[in-house]
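Please examine the protein shown below. The paragraphs that follow lead through its strands, its sheets and one of its helices.

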Amino acid sequence: MEREEGLTAVDNIVTQFNTYEDFLDSQITTVDLYYLEDEVLARQLVELGYRGTGEVVKREDFEARKAAIEIARLAKRTQKKTLTSAGKDLQDNFLKALAVREEDNRNGKVSSVIFIRDRNSHGQEVSGYIDYAHRLRTEDFEVYFDGKRRLLPKPTDLSFYNWECHIAVWNSTPNYQVIADNPEGLLFKYKRDRKILNVDPKDKEHGRQWKARPGDNSTRIPIQTEMYIQAVIFDHISRRKT
């Protein structure tokens, strides 16, 4: 109980003064300065507890609590600003699906791969697979959730294909290794648990569109959207213990 009261008193002092010197100065009276004739000496006497009009607080205690309070403040501020989808009035199912997955992709609970097929600004049909968590870390999604821009595959994503120029590109990311030479189709290996994500749209055995199993701990969710010709989200949950 005494310790809690002591911490409360220190916290009150820490939040009231910017620096330890400011706190010391608040304890020095004009009488002290008149007799001592030395501000530095007056501060030292207050720090040692020989002078002062209030609580005795050690420099290390003041600075430790100051740092702790600042860390807590920044953490709270960061937490509030982490989700760029928060508070947005999202109308399309695709943006709603991204918003639902944003927090889990940021904290690593889920790793989502987004397949998009649509036309770019030049009218060319493009398609590709996007590592959602990687894009969240390297790009500001505010413009997408605000509807100012559409999320489209880039040549730097997991895969990118321009159907008119016949340009095909594959790139591994910090989360996935691309396996492009697989005879059964394109595969992604999740680096955290080494599980394979099968994004091939056809079931080789039954010849049905989007029926092949995506892999262990993975799901495939087609998204009904007015924003794209086609959109599918693959969600992988890592079972590896951290």
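**Strands, sheets and a helix**

In strand S3, Phe160 is the bridge partner of Gly128. Two strands count as paired if DSSP finds at least two bridges between them. Strands are DSSP runs of type E with at least two residues, helices are runs of type H or I with at least four, and both are numbered from the N terminus.

This is a predicted model, in which local features need pLDDT of at least 70 and side-chain atom pairs count only at pLDDT 80 or more, while totals for chains, interfaces and linings use all residues. Residues are numbered from 1 along each chain as its sequence is written, and side-chain values use heavy atoms, with hydrogens and water left out.

The protein has eight helices and nine strands. Of its 242 residues, 38% are buried, that is, under 20% relative accessible area with a 1.4 Å probe, counting protein chains only.

S2 and S3 are part of an open sheet of six strands, in the order S4-S3-S2-S1-S9-S8 and with antiparallel pairing. Strand S4 (167-170) and strand S8 (218-222) each have a single partner strand, so one side of each is left without a neighbour in the sheet. From one strand to the next, the twist averages 10°; such angles run from 0 to 180 degrees between the N-to-C directions of axes, which are lines fitted to C-alpha atoms, for helices over the stretch in contact.

Another open sheet has three strands in the order S5-S6-S7, and its pairing is antiparallel. At its edges are strand S5 (176-179) and strand S7 (196-198), each pairing on one side only. Ignoring direction, neighbouring strands of this sheet are turned by 30° against each other on average. Three bridges connect strand S6 (residues 187-190) with S7 in the antiparallel sense, and Leu187 has Asn198 in S7 as its bridge partner.

Which strands does helix H6 lie across? Helix H6 (residues 93-107) lies across strand S1 (110-119), S8 and strand S9 (230-237), and runs at about 155° to S1. H6 has a kink of about 40°, centred on Arg101; the bend at a residue is the angle between axes fitted to the seven residues ending there and the seven starting there. Arg101 is also one of the buried residues of H6, which include Phe94, Leu95 and Leu98.

Technical notes. Buried means under 20% relative accessible area, exposed over 50%, partly exposed in between (1.4 Å probe, protein chains only). Contact means heavy atoms within 4.5 Å.
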